[in-house]
Amino acid sequence: MNTTDKLLEEFTAPSKEEWREAAEKLLKGKPFDKIMKQMTPEGILLEPIFWKDVLDELPAVETLPGTDGYLRGTTAAGYNKEPWEIAQELPYGTPVEFNRAAREDLMRGQNALNIILDIATLKGADPDSAQAGEVGACGVSLACLKDIETAFKDIVPDAVSFHIRTGCAGLSVGALFFAWLEKLGVNKTQVKGSLGMDPVAVHAAAGTLPVKLKELLDEQSVLTRYCVNEAPGIKAIAVSSLPYHQAGGSAVEELGAALATGAFYIEQMVERGLTVDEAASQIRFSFAVGPNFFMEIAKIRAARVLWAKVVAAFGGSAESQKICLHARTGLYNKTQKDPYVNMLRTTTEALSAVIAGVDSLCVGNFDEVMRLPDTFSRRISRNTQVILQEECELTDVVDPAGGSWAIEWLTNQVAEKSWAFFQEIEGKGGIEGALKSGFIQESIAKTAAGMEKLLNSRRMSLVGTNVYPNVGEKKLEPHLPDYAELRNTRAREIAAARLELDEDADTKVMAALGKILESDGDTLVQNLIEAVQTGATIGEITKTVRASIDPEDAVKPLKATRLSAKYEALRNASANFEAKTGKRPMIFLVNLGPLRRHKLRADFTRSFFEAGGFEIISPKGFETPADAVSALNESGAGIAVVCGTDDDYTEKFAEYASALKEALPETRLVLAGYPGDNEEAFRAAGMDDYIFIKSDNYEMNRAYLEGLGVL
């Protein structure tokens, strides 16, 4: 008998019943289902432990990578054949800044350009006609052929992928991009990337569209047809789930909305003359990745299965059922306070995306919610992916999550619930109908409210925000541009670019723009390209293409937020108070007796109120009420929290409370702990409030800061 056999004899596997019996014994009478099971925001009840038999009812055991609905990936070899693209965003406002960062990062591990555009470009406005705050905001400003030449200078078009998030500006930005390729003499069929036109995501996030949705879908179909015929490696259509994630939606809501958007685009493209296979092959999905490690793996794996199901329902081929998946670490859980913790958050999020099997990935910079990234923050984000590829060797494993009892079960749960939500959306008239009726907004608002409730009660932790706050941290340098000056700079650059054109350039541009007006769907993109080559700007093209300027009917926008934003407002108010008065708002701890008797609740109180930016004064334990009164009076604090054991409270609280209230009646007196049956007596002695593990941490910090005049 070998050693392994002997071990198996000595340590027999317990049955489910035996394991539960042992767990219940350790719980000492506490309810098993309430303590050990957890309900997620997706409405999925997680078990404390999973057993192999959960696979009996699931298709995962019979599923292979590259086949069978693509649960385990769209290729048999996974990342062995082609690793995911390292597609970092470079959110710099001018073409020169963008090019400098792009060339630097492409030499250091990045292999795809993930191009986000500024507000002006997305609106189809030239810098000299846009407002300050729109030019260079949130992305790069591109207005003419010279701009895109500057932005992509010394970058070989067929050596990297170009992913440009165009929103509603796909035609005009696409014309710039293709004009640049033609000027270089590049074969467009050899170029890879996307021109992610996604008006539904814009509508969901902003609440409005610059023109009627029908007109934007017409533009989308023209761009899609051109890419199918002339540049098949470029995907014209994007489906972004970021607006739903950023508003606080669950994985199920995010995936369901994405499926509905993709189905809507296929339907609309087919109505405009494309085939199902052509439309489906031109869609690139972009998912946010949140902090729930296993849930995010399940979401992305489920997306492959469900999208294949959608395309199959339209009659699409097995090849067109393969989803193209980009992922980006989410912003919803990122913090301005203790921002270096964001590095840990993005690392786990990146790992879950890679394990799930995405085609490209952007790891957000740890400081992205407060400033433009510097070389250091870009390096950390980029190298997170490089380490996952080169040191963790995740490119050597096909579907590393495959066969995991818990993940396969969770993937199936996410798939079932996401499909049900997708069907609900379809029942409301599809994605646009569901947005106009407010169904999606209401569903996500309810989920977000539940998340905030968990955060406020500290049943959900954001390190550095509602737990372990570092009130003494040093703020990062802002690194934010002067947007007024940036707008003026870009306006001068556009004016200079116009002066560099031929003497008869105005005549050529006018003729080219006139030709656009005479174009049909088959000739429009090429005529747009020719207009760009003569010197037409993105503003001139947009005005020419869009004969109508009637906006789409408004919907209630999904409010982009971050979980930590309300806490950050408290901390900022406390910091402003300190700047004005020379000291932070203070809370004095009336510690009873020796350290061992009050430390536990004193530490709890410190963490509880430092989340609001309070300075905690925690002296040695007091032996008499008179000593406590003297120390509190000397501190100048307006709030005092009594900390000790339950026995100390029973024996001493009334005496201390009476003395404190008699000497300092305006002081707010708080008990650290739950008073239980003693609440009435404690209040009679002078207790104004109490805090314990179930208290609303945010609300109490807010109320106390307000009471002190900080808010």
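Q: Which side chain does R20 meet in a salt bridge?
A: The general idea: side chains of opposite charge can pair when their charged atoms come close. Here, in this predicted model, the R20 and D33 side chains form a salt bridge, 3.6 Å from N to O (a Lys or Arg side-chain nitrogen within 4 Å of an Asp or Glu carboxyl oxygen). R20 sits in helix α2 (residues 16-27) and D33 in helix α3 (residues 32-36), so the pair ties together parts 13 residues apart in sequence. Helices here are DSSP runs of H or I, at least four residues, numbered from the N terminus.

Q: What should I know about the numbering and the cut-offs?
A: Residues count from 1 along each chain as its sequence is written, and side-chain values use heavy atoms, without hydrogens or water. Local features need pLDDT of at least 70, side-chain atom pairs need 80 or more, and totals for chains, interfaces and linings use all residues.

Q: Is R20 buried, exposed or partly exposed?
A: Buried means under 20% relative accessible area, exposed over 50%, partly exposed in between (1.4 Å probe, protein chains only). R20, at 32%, is partly exposed, and D33, at 43%, is partly exposed too.

Q: Which residues are linked with R20 in a network of salt bridges?
A: The network links R20, E24, D33, K37 and E47. Within it, D33 and K37 meet at 3.5 Å, N to O.

Q: How many residues apart in sequence are the parts that K566 and E452 tie together?
A: K566 is in helix α23 (residues 565-581) and E452 in helix α18 (residues 439-456), so their pair joins parts 114 residues apart. Their N to O distance is 3.2 Å.

Technical notes:
Helix = DSSP H or I, 4+ residues; strand = E, 2+ residues; numbered from the N terminus.
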